[in-house]
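Student: I am new to this structure and would be grateful for a guided reading. May we proceed by question and answer?

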Amino acid sequence: MRLDIEFIIYASLLIVCLLPLYIYRKKIFSSSKPQKGDFDAFLKDLKIHMKTNHPKIDIDYSIIEKTKNESNLTFRETFIIEKVVEQFFNFEYNKKTQPSVPRDKLWVNYDEKSIPSAKLPSDWQQRKELAWRRDNKCCNRCGYNLPSLNETYTTFVKDIKDGGSYTLENIIILCIDCNKVLNSTNPKNTMDSLILNDKLLHLIKTK
């Protein structure tokens, strides 16, 4: 009888000790399962980010359906981001002559200093700022808002070495990522280095 009572006591103590471990284990395993709500929130944030920050880039989201059977949520989200960044990189962009600026906004010697030269004209910063304001402070390729002139890069419709001038019509305004894309010699390294890539990876929720 005494043995039975001791057995019951020890068994009860063992259960009490193991119960927290069981609850903790259950919590860990259940939290590692893909949550539909988490994925839906990720997709919403991804689409809002691209539409808000890069409105000129038309993204094909068919990759979402193609990866629906992937059980690892983090892998799926990472793969989707990889494909979105790849589309950003491969977006077809053709350099076109830019809008003119009214003559009354120009200055003395503007035409003279627009002549092709290996060296930037002394009024280059003035030209760059006027082109930036002309384009509503947005990247010509992707539409990204450029609040500061210091964050602005430029390229030319016709390269200077090919006879292009420094006229405002030949100056194109770019963001840092689009500048990297247009000057890329190694697509994989460029895509990995894009600020866009880092920002989208931060959308993945920590499980």
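Student: Is Lys137 buried, partly exposed or exposed?
Tutor: In this predicted model, Lys137 is found in the loop between H5 and E1. The relative accessible area of Lys137 is 30%. Because buried means under 20% and exposed means over 50%, a value of 30% makes Lys137 partly exposed.

Student: What is phi of Lys137 near?
Tutor: Most residues other than glycine have a negative phi. Lys137 is a residue other than glycine, yet its phi is positive. The value is near 60 degrees.

Student: Is Asn136 buried or exposed?
Tutor: Asn136 has its place in the loop between helix H5 (124-134) and strand E1 (153-156). Although Asn136 is not a glycine, its phi is positive, at about 55 degrees. Its relative accessible area is 60%, and since the cut-off for exposed is over 50%, Asn136 is exposed.

Student: How far apart are the end C-alpha atoms of H4?
Tutor: H4 has 18 residues, and at 1.5 Å a residue they should span 26 Å. The distance in the model agrees with that expectation, the end C-alpha atoms being 26 Å apart.

Student: Which residues of H4 are buried?
Tutor: An α-helix has 3.6 residues a turn, so residues three or four places apart point the same way. In H4, the buried residues are Leu73, Arg76, Glu77, Ile80, Ile81, Val84, Val85, Phe88 and Phe89.

Student: Which side chain of opposite charge is nearest to Arg76?
Tutor: Arg76 lies in helix H4 (residues 73-90). Arg76 is buried and has no salt bridge. A salt bridge would need a distance within 4 Å, whereas the nearest side chain of opposite charge is 6.3 Å away, and it is that of Glu65.

Student: How many helices and strands does the chain have?
Tutor: Along the sequence, the chain follows the pattern α-α-α-α-α-β-β-α-α-α. The chain therefore has, with helices and strands taken as DSSP runs, eight helices and two strands.

Terms used:
Residues are numbered from 1 along each chain as its sequence is written. This is a predicted model: local features need pLDDT of at least 70, side-chain atom pairs count only at pLDDT 80 or more; totals for chains, interfaces and linings use all residues. Side-chain values use heavy atoms; hydrogens and water are left out. Helices (H or I, at least four residues) and strands (E, at least two) are DSSP runs, numbered from the N terminus. Buried means under 20% relative accessible area, exposed over 50%, partly exposed in between (1.4 Å probe, protein chains only). Lys and Arg count as positive and Asp and Glu as negative; His and the chain ends are not counted. The expected span of a helix is 1.5 Å times one less than its number of residues.
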